[in-house]
Amino acid sequence: MTILMEAEGLTKHFPGRRGLIDMARRAPRPVVQALTEINLDIRAGETLGIVGESGCGKSTLARCLVGLHAPDRGTVRFAGADLAGMTGTERLGFHRQVQMIFQDPYGSLNPLMSVGDTLAEALAVHNIVPKAAIAARVGELLAMVRLPPDAAGRRPHEFSGGQRQRIGIARALAVEPKIIVADEPVSALDVSVQAQIVNLLLELRARLGLTLVFITHDLRLVRHMTQRVAVMYLGRVVELGPTADLFATPRHPYTRALLRAVPQLTPGLRGRDAAVRGELPSPLAPPPGCAFHPRCGIAEAGCSASVPALEVRSGAWPVACLLAGS
Amino acid sequence: MSILLDVADLAVVFHTKRGKVHAVDGVGFSVGRGEVLGIVGESGSGKSVTLRAITRLLHGAEVTGRVTWQGEDVLAMDAERLRRMRGGQIGMVFQEPMAALNPVLPIGLQITEALVAHTDLDAAGRQKRALELLDLVGIAAGRTRLGQFPHEFSGGMRQRAMIAIALAANPALLLADEPTTALDVTIQDQILRLLRGLVDDLGMGLVLVTHDLGVIAETCDRVAVMYAGRLCETGAVAPVFAAPRHAYTKALLGAMPGQGQDMLVAIPGMAPRLDTPAAGCAFAPRCGYRMPICDAGRPLLRDVSPGQVSACHAAEALA
């Protein structure tokens, strides 16, 4: 399978906030270690899920992949070309191929522009269709996401949450991208509307042959939508494998805990013991070695000594756990 | 099982500049000791308003119906009786602990406040009880924690502190409004197990409001499904999930991912407005089982099988 996009050694840190007292003491500025040494390839035509809890870096990864953040270290390559080395024209071409859908479509749509103008702007910037054909193409896009044709004349606030997400999808699709990176696209929606948007994404993916990177905290959605999944914990990928197999036989203790913690739809399954103890550590000060070791039920002395690499150990897919083989 | 709280024909109307909003419209259920009742519904279904109406925390709203707390009429209680019931006999836990906790008071003082209001304990007794409570909700290093402020707690710990305050006076019933919605899934798991354990160990009743059917399935004994301010269906969790007898319950379960099928069974359209209540079934415009009778008259709650009540004309067709 061809690799469409590749992240290698991707690292992104953000400066954290310092209180007045720390400033006066000239304490060093804290650093949020959002992403550390991420290696990930995205294969043409696949749906790759990226899953994890708050602060695991999944949204930062999404933004690095589409070029909204420049990584501190490491590279993002699209079709073999390094994103950091692209000229203006090349970069415009990259953005045409790689588009993003955001969690909050209201925050990502211009409230003063009509939906038609928003879509037309995307078409014009990238010269997708001749000027005369723009209106017709806007109509096609609205039909594609099942919005009424008169939606073009209205502004974002006139739509419900689910409809706004349809607008967000239409805007991303306007430039006929190869890859869509969707960051929690249905997390803000009610279950009944969420299902509509999920179905729409699945249908468009099949019809347009899209490659989809689906970022979410919802493991049920990941299982439903994706073929491969990367599980993240505190800025690192801890397990990466085929979704069905990984859900059936998770190898990393964190993946196991995460899957156990998801409430099942079968009544009466919950036991008395929690899936995992303790709290998520702060990305300001990740624990040494494997970041999961303070919460892990099987951790040994070696786990706090060094960071386990994400590699194939005894199973069929890579796991970042020293004990995954045992 | 003795009934603690009994709610019947509860209706809440908000009077706004644009007219009346019927947020809750004819809701009824009861909760007993040692029982967890889940109220599930989507945004605007009236589940949180129902919870607030029970303890009369809604201001400027018209609340009608009957709310009976251990035989007493809550809607007729005077201010002093209400004060003793709230926090004393009925504890409350909210979705956002940071909004419910006082940011400038240490946690210990906030627990003590509840103890001063609802118990006869002296200062030493309150200190001892506060430590017990932190231990009960799984907050380690209690002595240090009592002196800390809410911002020094993580999200999960804040919710535990909220629960400790709610439990301070040994309430017979706990009302929890989306207590884990803002939390990560591993922390949600811990809090849900804590709540379930408290019900089982202390014999408390619990009303858990959530939008997540998975939370209902794993934590609750009985479930009440709400849509557009109305009660669709109530019953024991296992039969309702196995054989829902209201078209909305069935649709909601079908829309949940993780059941294996390629396409989810989406519910078309969107939730109705609450300013002009439907003459018939509120779900009819989105329903796959719609019949002429559904638009003509509002389906009444009726027994469809032992312990299972549904307000759906298609209840038989669904069986």
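## A salt bridge within one helix

B:Glu80 and B:Arg83 sit three residues apart in helix H2 (residues 79–85) of chain B, so about one helical turn separates them. In this predicted model, the two form a salt bridge whose closest N and O atoms are 3.4 Å apart. B:Glu80 is partly exposed at 41% relative accessibility, and B:Arg83 is partly exposed too, at 38%.

## Salt bridges that span the sequence

B:Asp25 is buried, at 17% relative accessible area, whereas B:Arg298 is partly exposed, at 35%.

B:Arg52 and B:Asp177 also meet through their side chains in a salt bridge, at 3.5 Å from N to O. Here helix H1 (residues 47–54) of chain B holds B:Arg52 and strand E7 (residues 173–177) holds B:Asp177, so parts 125 residues apart in sequence are tied together. B:Arg52 is partly exposed at 30% relative accessibility, and B:Asp177 is buried at 6%. Over in chain A, a network of salt bridges links A:Arg96, A:Arg137, A:Glu140 and A:Glu176.

## Where the chains meet

How much area do chain A and chain B bury between them? The figure is about 3,600 Å², with 54% of it on carbon and sulfur atoms. The contact draws on 42 residues from chain A and 44 residues from chain B.

One salt bridge is counted between the two chains: B:Asp212 with A:Arg220, at 3.1 Å from N to O. The interface also has 18 residue pairs in polar contact. On the side of chain A that touches chain B, helices H8 (191–208), H9 (219–225) and H11 (253–261) each supply at least two residues. H8(A) gives the most, with ten residues. By type, that side of chain A divides into 17 nonpolar, 13 polar and twelve charged residues.

## Nonpolar cores

The largest nonpolar core has 113 residues, and those with the most contacts inside it are A:Ile169, B:Ile111, B:Ile163 and B:Phe283. H8(A) gives the most to this core, with nine residues. Beyond its neighbours within four places in sequence, B:Ile163 is in contact with B:Val93, B:Val137, B:Ile191, B:Leu194, B:Leu195 and B:Leu198. A second, separate core of 33 residues includes B:Val7, B:Val27, B:Leu51 and B:Val67.

Terms used
Residues are numbered from 1 along each chain as its sequence is written. Chains are lettered from A and ligands numbered from 1 in the order in which they are written. This is a predicted model: local features need pLDDT of at least 70, side-chain atom pairs count only at pLDDT 80 or more; totals for chains, interfaces and linings use all residues. Side-chain values use heavy atoms; hydrogens and water are left out. Contact means heavy atoms within 4.5 Å. Buried area is the accessible area (1.4 Å probe) that two parts lose on being put together, summed over both. A salt bridge is a side-chain nitrogen of Lys or Arg within 4 Å of a carboxyl oxygen of Asp or Glu. A polar contact is a pair of N or O atoms within 3.5 Å; within protein, one must be able to donate a hydrogen and the other to accept it, and residues adjacent in sequence count only if both atoms are side-chain atoms. Helices (H or I, at least four residues) and strands (E, at least two) are DSSP runs, numbered from the N terminus. Ala, Val, Leu, Ile, Met, Phe, Trp, Tyr, Cys and Pro count as nonpolar, Asp, Glu, Lys and Arg as charged, and the others, Gly among them, as polar. A nonpolar core is a set of buried Ala, Val, Leu, Ile, Met, Phe, Trp, Tyr and Cys residues joined through side-chain atoms within 4.5 Å. Buried means under 20% relative accessible area, exposed over 50%, partly exposed in between (1.4 Å probe, protein chains only).
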